[in-house]
Amino acid sequence: MTTTPVVPAVPRGLAGVVVTDTALGDVRGREGFYHYRQYSAIELAQTRGFEDVWYLMFHGELPDRAQAADFTARTASLRALPADVTEALPAIARAGAVSGPLAGLRTALSLLGASRGYRPVYDLDADHRRADALAACAAVPTILTALQRLGEGLAPVEPREDLPYAANYLYMLTGTEPEPERVRAVEQYLISTVDHGFNASTFTARVVASTGADLAACLVAAVGALSGPLHGGAPSRALDTLDAIGTPDRIDGWIREQVLSGRRIMGFGHPVYRTEDPRSRMLKSIAQGFGGPLVDFAVEVERQVEAILAELKPGRELHTNVEFYAGVVMELCGLPRTMFTPTFAAARVIGWSANILEQAEDSKIIRPAARYIGAPPPQPVPAP
């Protein structure tokens with residue numbers, strides 16, 4: 001007698017389901033807190049540079065001064081792209097004229113992996129995997145900024161080894177050395193978005209890594225997950241919301257219409273946090289440091305959204321997420337909106353890679369089950 005195995009019920013989207021152990025960090029949504037390794041991610045963003053956090057994610061500890069200097073120099077030396085990748089970028093940019101740099105990154109990362117001869121992580125030792133990850137992470141900002149400039153009809157700007165990660169990123173994007181306050185604002189944003197639990201793109205990277213695939217394949221899969229508007233596309237959409245509202249006198253009516261019609265307000269709400277998103281809190285403070293009409297308008301929109309929700313949806317907690325003030329900060333720092341999500345990717349590639357390295361230490365493939373709900377089998381096959 002054949003018996004059907006019992007498949008345990010799980011929430012849709014695997015919400016709250018623990019699928020593995022990790023030493024990289026955690027998100028504690030009820031507390032409004034998240035961390036990298038053993039350190040508060042927000043405190044790291046406020047007190048450390050990007051390369052220090054990158055080192056922490058890859059090596060498990062914060063570097064001392066000598067280690068930090070060596071790591072910064074090493075990663076800076078990896079920013080230049082192989083010649084065949086550089087030569088292909090104009091064609092990639094033309095093909096992605098509508099979809100933008102993030103879509104082009106998928107193609108360029110595949111080419112980068114092939115050009116550098118990346119082998120399956122299953123076949124490599126830990127040092128070799130880390131070397132591949134360092135090279136890929138260092139190359140991502142160069143790829144993204146080159147694709148953006150080519151899309152604008154401009155020549156790419158070669159990376160500089162004497163500039164830190166965030167400063168070099170802005171330099172390659174604009175062609176001019178950026179102002180220190182803008183560099184620090186973008187750097188704090190980058191640090192705050194390096195990792196954030198088992199989000200869709202991170203989990204995707206780990207699933208592919210569990211097959212033993214090469215590092216570039218894992219990153220391409222993660223970028224694909226990030227490209228979905230429910231994951232990485234919200235910073236520019238949050239600004240689009242501010243544009244749609246337009247003026248302070250329109251806030252109340254616009255928000256009420258959205259809430260009553262059941263439409264989502266971009267930049268508000270998070271699947272994990274049940275209190276204020278700590279990233280939003282930090283970015284709001286950074287934005288207020290710049291000041292200006294856009295910041296004042298964003299703060300007023302936030303205030304009225306929360307007040308209207310308290311009135312119309314009592315008991316429902318909905319606060320700004322990272323995208324709301326991230327869009328404001330990046331706009332103030334001169335980044336074009338087409339680069340908002342790619343900038344997120346320039347940070348998150350560190351977290352993806354750290355997760356890939358961790359997953360590669362476990363040879364067990366991630367292979368969940370699905371519950372079949374179709375017509376009862378076996379049905380007779382109809383005659384043609």
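I started where α8 meets α15. Arg-182, Ala-185 and Tyr-189 of α8 touch Val-322, Ala-326, Val-329, Met-330 and Leu-332 of α15. Contact here means heavy atoms within 4.5 Å. By class I found seven nonpolar residues, no polar ones and one charged. The classes run like this: Ala, Val, Leu, Ile, Met, Phe, Trp, Tyr, Cys and Pro are nonpolar, Asp, Glu, Lys and Arg are charged, and the others, Gly among them, are polar.

Before going on, I noted the ground rules. This is a predicted model, in which local features need pLDDT of at least 70 and side-chain atom pairs count only at pLDDT 80 or more, while totals for chains, interfaces and linings use all residues. Residues are numbered from 1 along each chain as its sequence is written, and side-chain values use heavy atoms, with hydrogens and water left out. Helices (H or I, at least four residues) and strands (E, at least two) are DSSP runs numbered from the N terminus.

Next I looked up the geometry of that pair. α8 and α15 pack at about 155°, with axes 10 Å apart. Axes are lines fitted to C-alpha atoms, for helices over the stretch in contact, and angles run from 0 to 180 degrees between N-to-C directions. The two helices are therefore roughly antiparallel. The cut-offs are under 35 degrees for roughly parallel, over 145 for roughly antiparallel, 65 to 115 for roughly perpendicular, and oblique for the rest. α8 crosses α15 in a left-handed sense. A crossing is left-handed if the near helix is turned anticlockwise from the far one by less than a right angle, and right-handed if clockwise.

α15 (residues 322–332) also packs against α13 (residues 278–290). Their axes come within 8 Å and cross at roughly 30°. So α13 and α15 are roughly parallel. This crossing is left-handed. From α13, Arg-279, Ser-280, Leu-283, Lys-284, Ile-286, Ala-287 and Phe-290 take part. From α15, I listed Val-322, Tyr-325, Ala-326, Val-328, Val-329 and Leu-332. The contact has ten nonpolar, one polar and two charged residues.

A further pair is α4 (residues 83–95) with α5 (residues 101–115), at an angle of about 160° and with axes 10 Å apart. That makes α4 roughly antiparallel to α5. The crossing is right-handed. α4 brings Asp-84, Val-85, Ala-88, Leu-89 and Ile-92 to the contact. α5 brings Gly-104, Thr-107, Ala-108, Leu-111, Leu-112 and Ser-115. Seven of these residues are nonpolar, three polar and one charged.

Then I checked α7 (residues 165–174). Nine of its ten residues are buried, so the helix is largely enclosed by the rest of the structure. I used these limits: buried is under 20% relative accessible area, exposed is over 50%, and partly exposed lies in between (1.4 Å probe, protein chains only). The cover over the buried residues includes α2 (50–59), α6 (126–151), α8 (180–192) and α16 (340–360). Thr-174, also in α7, is partly exposed at 40% relative accessible area. After the helix comes Gly-175, with a positive phi near 85°.

On to the sheet. Two strands pair if DSSP finds at least two bridges between them. Four bridges join β1 to β2, and two join β2 (residues 33–36) to β3. Val-27 sits opposite Tyr-34 of β2, and Tyr-36 has Tyr-39 of β3 as its bridge partner. β1 and β2 make a hairpin with four residues between them, where Gly-32 has a positive phi of about 70°. On β1, Gly-25 and Val-27 form the covered face, while Asp-26 and Arg-28 form the uncovered one.

Most residues other than glycine have a negative phi, and most peptide bonds are trans. Arg-37 has a positive phi near 55°. Arg-37 lies in the loop between β2 and β3 and is buried, at 16% relative accessible area. The bond from Pro-377 to Pro-378 is cis, with omega near -5°. Pro-378 falls in the segment after α16.
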